Amino acid sequence: MSDAPDRYDTIIIGAGLSGLAAGIRLAYYDKRVCVLDRHNAVGGLNSFYRLRGVNHDVGLHAVTNWRPPGTKKGPLSKLLRQLRLSWEDFDLAPQVGSAVDFDGCRLKFTNDPTLLEAEVAERFPSQADGFRGLIEAVDAADPFDLSPEEVMARDVIGRHVDDPLLVDMLLCPILYYGSATPHDVEWRQFVILFRALYQEGFGRPRPGVRPIMRVLVRQFRSLGGKLKLKHGVASIDTDGSGRAHGVTLDDGTKLVADNVLSSAGSHETNRLVESEPPDADLYPAGQLSFVETIALLDRPPADYGHHETIVFFNRGDRFHYEGPETPIDPRSGVICVPNNYQYADPTPLEDGRVRITALADPDFWMTADEETYAAAKKRAHEELTDVVCDIVPDYRPYVTDIDTFTPRTVKKFTGHVNGCVYGSPKKLRDGRTHVDNLYVCGTDQGYLGIVGAMLSGVSVANMHLLK
């Protein structure tokens, strides 16, 4: 790759998973690529931080789409081929086992999809045939169909499964791990997530997200790609014909490129462009965000009887997936235990830990003064812990430290309006925007999860930037 520090074939906004994957794909074909990020660390929504001497992942609960090393088919295998990486580069350990718990009604699932089918047949015998029909519909679907027509998942599920409790239990993990829409998710996204969570499963690198990010950065740089951290984009520049031709950085520096690819979110990307979109509703802002509280423990959770990897829970008559009117909604959420994977190294992780995620009200967390904010974080941790310790073994006697992050934290480190984790409810499936030569990748293309985010960057590179 020739050295052209101010002019590139493609400038990529955001050094997260999708942006770096796109950069690798382009650089492999000798494109001049520059990845920009406002922050001093890569990762975006799947970043990491160090607090009081301990490493923490921000987004990573699990790498979905897990498959045994050497598998020839599936999203993870495809991704590794596209990025010229090996199975050892990610070194994923499979989960021990997870569950959906609705007031004591439990469905267990692992990376063997036959377990969930057996669980449904045992607990919902009248729904067994319908659930198998739903699996057939998922298997037959094309989740990458670029049609603008949208069909909601509840409508399709209802043709096969008519028990409201089972419908909510199946949707709970899928909504928590990928839906920007209250109560529901578009059918194609449901298919992607159903396959990723229930038919393929969860894996995790023993050290967390860091080795994945290191591999991506190393691969990108080895191919000649330019990575510029602490280089925030103030605007996306267009020429007289309305075509994107570069960016202006926060310090006024201009970089020129034939194409601009943004992983910053469609709404956030549109705010960087001077021209108005033809449809005012084309890039709606995301509204759903979360609070997550992390408890460090003085022992592995298995030592006090907690063996599950992830538990998705709900308390109450129905499952409410929507922005709450209170700082948090403790009625439902996710309990994640990074210790409970089948790591090849039997040595326990340096800390036991439990991570709890729940829906949050972005307005409260964005506007609270510092004293109110700190007190609310403490209350959120206590309230969620009280709920969770009625679902899994009580870990409170073993807690050595806690930390909590909020929609304000997400917005600070990603730039996403409202601290929205899953972006805009309207997805741009082909990656195109109203501006020529400006594309989006990542969550707002409709690809979901760790592997999905990277495949999004690869797919946009293949579709638009390598022709």
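These legends accompany close-up views of one predicted model.

Residues are numbered from 1 along each chain as its sequence is written.

**Figure 1**
Helices (H or I, at least four residues) and strands (E, at least two) are DSSP runs, numbered from the N terminus. The C-alpha trace spans about 60 × 50 × 45 Å along its principal axes. Of the 467 residues, 59% are buried. Buried means under 20% relative accessible area, exposed over 50%, and partly exposed in between (1.4 Å probe, protein chains only). The chain exposes about 18800 Å², with 49% supplied by carbon and sulfur atoms. Accessible areas come from the Shrake-Rupley method with a 1.4 Å probe; for residues, only the protein chains shown count as cover. Among contacts between residues at least 6 apart in sequence, 74% join residues at least 24 apart. Contact means heavy atoms within 4.5 Å.

**Figure 2. Helix α7 covers residues 164–176.**
The 13 residues of α7 reach 18 Å from first C-alpha to last, close to the 18 Å expected at 1.5 Å a residue. The expected span is 1.5 Å times one less than the number of residues. A kink of about 25 degrees lies at Leu 170, shortly before Pro 173. The bend at a residue is the angle between axes fitted to the seven residues ending there and the seven starting there. Eleven of the 13 residues are buried, so α7 is largely enclosed by the rest of the structure. Among them are Asp 168, Leu 170, Pro 173 and Tyr 176. At the start of α7, a side-chain oxygen of Asp 163 reaches to within 2.9 Å of the backbone nitrogen of Leu 165.

**Figure 3. Asn 65 sits in the loop between β4 (54–57) and α2 (75–83).**
Asn 65 counts as buried, at 5% relative accessibility. Its side chain makes a polar contact of 2.6 Å with the side chain of Glu 200. Another, of 3.3 Å, joins the side chains of Asn 65 and Thr 64. A polar contact is a pair of N or O atoms within 3.5 Å; within protein, one must be able to donate a hydrogen and the other to accept it, and residues adjacent in sequence count only if both atoms are side-chain atoms. Not counting residues up to four places away in sequence, Asn 65 touches partners including Pro 75, Ala 196, Glu 200 and Val 451.

**Figure 4. Gln 189 lies in helix α8 (residues 187–200).**
Gln 189 is buried, with a relative accessible area of 5%. Leaving out residues up to four places away in sequence, Gln 189 touches Gly 178, Lys 427, Arg 429, Gly 446 and Leu 448.

**Figure 5. Arg 331 belongs to strand β15 (residues 328–336).**
Arg 331 is partly exposed, at 36% relative accessible area. The side chains of Arg 331 and Asp 329 make a polar contact (2.9 Å). Beyond four places in sequence, Arg 331 touches Phe 313, Asn 314, Arg 315 and His 320. His 320 is eleven residues from Arg 331 along the chain, and their C-alpha atoms are separated by 8.1 Å.

Methods: This is a predicted model: local features need pLDDT of at least 70, side-chain atom pairs count only at pLDDT 80 or more; totals for chains, interfaces and linings use all residues. Side-chain values use heavy atoms; hydrogens and water are left out.
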